[in-house]
Amino acid sequence: MQGSLWSDGVIMPEFPKLDGDLSVDVLIVGGGIVGVLCAAKLQSEGVNYALVEQNRICRGVTENTTAKITSQHGLIFEKLISRFGPERTKLYLTANEDAIKEYRRLSQNIDCDFTDTCSYVYCLNDPDRISKELSALHRLGFPAVFSQTNELPFPTKGAVMFPRQAQFHPMKFLAVISKGLRIYENTKVRELIGTTAVTASGKIRAKKLILATHFPILNKHGGYFLKLYQDRSYVLALSDAQKIDGMYVDADKKGLSFRSQGDMLLLGGGSHRTGKKGGGWQELKRFASEHYPKATEVYRWATQDCMSLDLLPYVGIYSKNTPDLFVASGFNKWGMTGSMVAASILLDLVQEKENPYAEVFSPTRTILRPQLALNALESTVNLLTPTKPRCPHLGCALKWNKEEHSWDCPCHGSRFAHDGTLILGPATADLPET
């Protein structure tokens with residue numbers, strides 16, 4: 001069936017629609033996993049907060065994850081040391097390891113299929129990349145090891161293995177975590193004026209505001225339209241395929257990922273920049289027919305990830321000119337640990353406390369990275385493309401996605417149904433009728 005296996009059979013709590021004005025110390029806009037974790041942490045600290053979500057919580061990108069809880073985010077640590085130095089890189093690694101421990105602690109009393117497992121990044125043709133990454137990790141004091149990949153149906157040059165990582169069922173987890181939180185569903189924010197959110201039924205006045213809307217919906221500050229782009233990827237859940245014990249991902253960004261969930265194999269890949277052409281589900285189906293000929297497709301879904309300029313997420317103060325506005329975005333396909341890290345950092349920042357990881361993730365760090373020029377070029381080309389329809393976010397020309405029957409924006413990743421209904425932001429409105 002088309003749709004995520006995570007949402008099948010899970011009953012999420014329902015929350016009321018906000019009716020009237022509201023005043024809080026902290027307002028969270030966006031009810032994905034980042035927003036829910038922020039709300040849970042703020043409630044545990046006794047902070048006066050509220051969360052508003054334009055639809056139902058956790059029904060967007062969150063339910064379409066592969067749900068790997070890991071600090072291994074590709075072969076990135078050699079690059080991070082070169083770019084940021086060993087001290088900041090170690091902080092990034094430690095922050096994500098702390099996130100795994102926090103999920104493990106919270107999941108002790110939740111039936112969410114939490115399982116300790118190992119994580120692997122494999123390489124098809126360049127063993128030197130494995131060696132260099134292992135050297136970088138050993139420099140950081142992390143116990144990564146070289147591993148063969150005998151569970152995979154094709155030969156590799158080996159893999160970097162991280163011990164004591166985890167996987168879980170995210171919607172079962174969030175169904176419990178979200179109970180009793182101060183959440184308002186079907187409450188769309190139409191405008192932000194400072195830290196005041198304007199909705200259809202009134203205004204929400206807050207001292208601090210957290211934007212947890214996947215791609216930030218505010219264009220006035222921070223340059224996120226240049227700092228982020230979105231990448232689309234695809235998943236098949238297969239029965240009667242070889243079960244594997246670990247979590248695997250290709251070192252190549254265009255490669256495949258693997259993990260098991262119950263008696264199913266989750267096969268991921270086919271990725272491409274949103275609004276561009278890519279392998280999609282057809283690439284995964286071809287691979288499955290070749291390597292798992294007896295397998296049956298049970299579920300299929302697609303997801304979308306915000307990609308930053310430098311491999312690190314943007315978590316913290318939205319911009320230098322907005323000290324009471326905060327953001328969490330750009331998780332680079334690793335949103336499970338990234339969300340927990342973000343919630344922990346933002347919990348401290350909105351209470352004006354120090355956080356040891358805040359500087360590493362600061363959104364105000366330099367944007368002078370090669371990806372910046374590519375993002376600017378993509379935006380310029382699509383702004384100058386004289387076709388309709390146009391994205392209401394910043395006016396880029398939309399592209400028709402034949403596989404998913406949607407209008408997609410190659411600039412910033414907004415998506416619209418065939419009739420113009422908004423599917424995913426940063427756009428906040430449907431396409432105008434023509």
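How many cavities of 30 Å³ or more does the structure hold? In this predicted model, for which local features need pLDDT of at least 70, side-chain atom pairs count only at pLDDT 80 or more, and totals for chains, interfaces and linings use all residues, there is one such cavity. Residues are numbered from 1 along each chain as its sequence is written, and side-chain values use heavy atoms, with hydrogens and water left out.

A cavity is here a set of points, on a 1 Å grid over the protein atoms alone, where a 1.4 Å probe fits but cannot get out, and its lining residues have an atom within 4 Å of a point. The largest cavity contains about 40 Å³ of space, a volume being the space filled by probe spheres set on the points, which are joined across faces, edges and corners. Its lining is formed by His73, Tyr92, Asn96, Pro313, Phe331, Trp334, Gly338, Val341 and Phe361. Two or more of these residues come from each of the elements α3 (86-106) and α8 (335-350).

As for the overall fold, the protein has 10 helices and 21 strands, taken as DSSP runs (H or I, at least four residues, for helices; E, at least two, for strands) and numbered from the N terminus. The radius of gyration is 21 Å, close to the 22 Å that the globule rule gives for 434 residues, so the protein is as compact as a globular protein of that length; the radius is taken over C-alpha atoms, and the rule is 2.2 Å times the number of residues to the power 0.38. The C-alpha trace spans about 60 × 50 × 45 Å along its principal axes.

Definitions and conventions. On a 1 Å grid over the protein atoms alone, a cavity is a set of points where a 1.4 Å probe fits but cannot get out, and a pocket is an open set with protein on both sides within 12 Å along at least five of seven lines; lining residues have an atom within 4 Å of a point.
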